[in-house]
Amino acid sequence: MWILPAIDLFEGKAVRLHQGRYDAVTIYDADPVGLAARLKGKVDALHVVDLEGAREGRPVQKELVRAVVQAFGPGVEVGGGVRSAETAEAYLALGADKVVLGTAAIQDLGMVRALATAHPGRVVVALDAKDGFVAVEGWVRTSTRTALDVARDLAGAPVAALLYTDVARDGTQVGPNVTATAALAERGGFPVIASGGVGSLEHIRALARVPGVSAAIVGRALYERVFTLEEALAAAASVP
């Protein structure tokens, strides 16, 4: 299982939200580009989100994302406000390895399927759940679709992975929703990237034990030095 450090961008800084709330922002690094440069060579991939873009429905911090991608090099996946094929194509053109689409999978599934077909293995579909239903538009609205509903609609598309987040756990360190993540990995038909609530090395090991979970996103616990990146990588690797 891979470990993906998260760099969530808000007002030019690397931050974390608490349960997806824009009024509960913690700043962790005023220099996201420097942070990406320090992570280069330590992990194979990085998870970058334009939080303002997610809320606005369009890229807001594109130039900062470009600088982060250049600082880290190959392996960056970018999300937040990617609602059109044009936006996705633009991020891929600036050097992102993968693009993450969430709201678009609810609002324009045909576009997401077509984009995945055009770029096999480079589209990640984010399924962020509130009380079991997929949240959209920067997590400020909840749809009537479950994560498994969307996964089934994507059947056969060359999607790289499903990114599953339990919004209520995001930024809390209380532990990921292993049960829901495992159910999606078992029944969704795609590799799953787990996100939301990772707060200990045992949480990482628990996710690594789940068949079909290909990666775990780690943010707050890493930046608050609950464990080191090296310890997180070792914990993931310790599970056969």
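I started with the largest pocket and sorted its lining by class: seven nonpolar, one polar and five charged residues. For my own notes, Ala, Val, Leu, Ile, Met, Phe, Trp, Tyr, Cys and Pro count as nonpolar, Asp, Glu, Lys and Arg as charged, and the others, Gly among them, as polar.

Before going on, I noted that this is a predicted model, where local features need pLDDT of at least 70 and side-chain atom pairs count only at pLDDT 80 or more, while totals for chains, interfaces and linings use all residues. Residues are numbered from 1 along each chain as its sequence is written, and side-chain values use heavy atoms, with hydrogens and water left out.

Largest pocket, continued. I got a volume of about 350 Å³. Of its 13 lining residues, Leu 35, Leu 39, Leu 222, Tyr 223 and Arg 225 are the closest to the centre. A pocket here is an open set of points on a 1 Å grid over the protein atoms alone, where a 1.4 Å probe fits, with protein on both sides within 12 Å along at least five of seven lines; lining residues have an atom within 4 Å of a point. The volume is the space filled by probe spheres set on the points.

Which element gives the most to this lining? I found helix 1, with three residues. Strand 3 (21-29), helix 1, helix 10 (220-223) and helix 11 (229-237) each supply at least two. Helices (H or I, at least four residues) and strands (E, at least two) are DSSP runs, numbered from the N terminus.

Second largest pocket. I read about 210 Å³ for this one. It has 16 lining residues, and Trp 2, Leu 4, Glu 77, Lys 98 and Ile 193 sit closest to its centre. Strand 1 (2-10), strand 5 (76-79) and strand 12 (213-218) give two or more residues each. By class I have 10 nonpolar, two polar and four charged.

Helix 1 against helix 3. I looked up residues 32-39 and 62-72: the angle is about 20° and the axes are 8 Å apart. Axes are lines fitted to C-alpha atoms over the stretch in contact, and angles run from 0 to 180 degrees between N-to-C directions. Helix 1 and helix 3 are therefore roughly parallel (angles under 35 degrees). The contact (heavy atoms within 4.5 Å) includes Val 33 and Ala 36 of helix 1 and Leu 64 and Val 68 of helix 3. I see 10 nonpolar, no polar and no charged residues there.

Helix 9 against helix 11. Helix 9 (residues 201-208) packs on helix 11 at about 35°, axes 8 Å apart. Leu 201, Ile 204, Arg 205 and Ala 208 meet Glu 231, Ala 232, Ala 235 and Ala 236.

How values were computed
Angles under 35 degrees count as roughly parallel, over 145 as roughly antiparallel, 65 to 115 as roughly perpendicular and the rest as oblique.
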